Amino acid sequence: MKQEINPQDTNRAQAFELWMKSPMPMVTLTKTFDVTRLYKVSRRKGLKFNAILCWCIGKAASQMEEFYLLPEHGKLFKYDRLAVNIIVNNKVGGINSCDIPYTDDFEQFSTEYLTSTQSVSLSCKSTFEADSMVIGTSAMTITELDGIINQYTDQFCNPMVMWGKYRKGWLKVTLPISFQFHHVQMDGGHGARFLDELQKTIKVFEYDNNIVLAR
């Protein structure tokens, strides 16, 4: 559910006053992650690497109250659930959006990821979760990237997580990830905490007999 709230009744009141009318209110942080665990699990269990990473993003975000708030068109809204957006390459060479509702049940999320992205790719029609706070993602896995900065616009205020191709070394697999967010939604410290939570979630992820073992 989505509902408008009074910014003055939240701990984001000062941020709302400072940044709501800013022409460039977005902040971008970049961190290199150790994704060795996800790489090994995806190979061993035949799972899509990006599906696991998107679930980990939702898992880490669900631990932070800031992700349930979002500024839009001069107002502040509160949500009671999250979704993860996937950019899908469609059958005619274009792209579409596909929102996947986040759930702690990885099996359910992974199944929805596979069926929904395939459907969107074939139909060339985007799907949206209007009543969820949507975390955008963009995976440009054809090349290695050090960092990504998305468009800075008040037309899209949702947080965005972006990455390129992972890098395989002798002992571990790494992946630089960029995280962009609206300054009204959270401060830099919150963004850094999210990246820390995401790394922790990635490092403890395990999938065994349809059971996800993750903090």
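1. Strands E5 and E6 form a hairpin with 5 residues between them, and Gly93 in the turn has a positive phi of about 95°. Helices (H or I, at least four residues) and strands (E, at least two) are DSSP runs, numbered from the N terminus.

2. This is a predicted model, in which local features need pLDDT of at least 70, side-chain atom pairs count only at pLDDT 80 or more, and totals for chains, interfaces and linings use all residues. Residues are numbered from 1 along each chain as its sequence is written, and side-chain values use heavy atoms, with hydrogens and water left out.

3. The average pLDDT (the predictor's confidence in each residue, from 0 to 100) is 93 for the protein, and 95% of the residues score at least 70. Where pLDDT is low, the predicted coordinates should not be read in detail.

4. E5 (residues 82–89) pairs with E6 (residues 95–101) in the antiparallel sense over 7 bridges; pairing requires at least two DSSP bridges between two strands. Asn85 has Asp99 of E6 as its bridge partner.

5. With strand E7 (residues 133–139), E5 pairs in the parallel sense over 4 bridges. Here Ala83 stands opposite Val134.

6. Of the 8 residues in E5, 6 are buried (under 20% relative accessible area, 1.4 Å probe, protein chains only).

7. The axes of helix H2 (residues 36–45) and H3 come within 9 Å and cross at roughly 130°. The contact (heavy atoms within 4.5 Å) involves residues including Leu38 and Tyr39 of H2 and Phe49 and Ile52 of H3.

Key:
Buried means under 20% relative accessible area, exposed over 50%, partly exposed in between (1.4 Å probe, protein chains only). Axes are lines fitted to C-alpha atoms, for helices over the stretch in contact, and angles run from 0 to 180 degrees between N-to-C directions.
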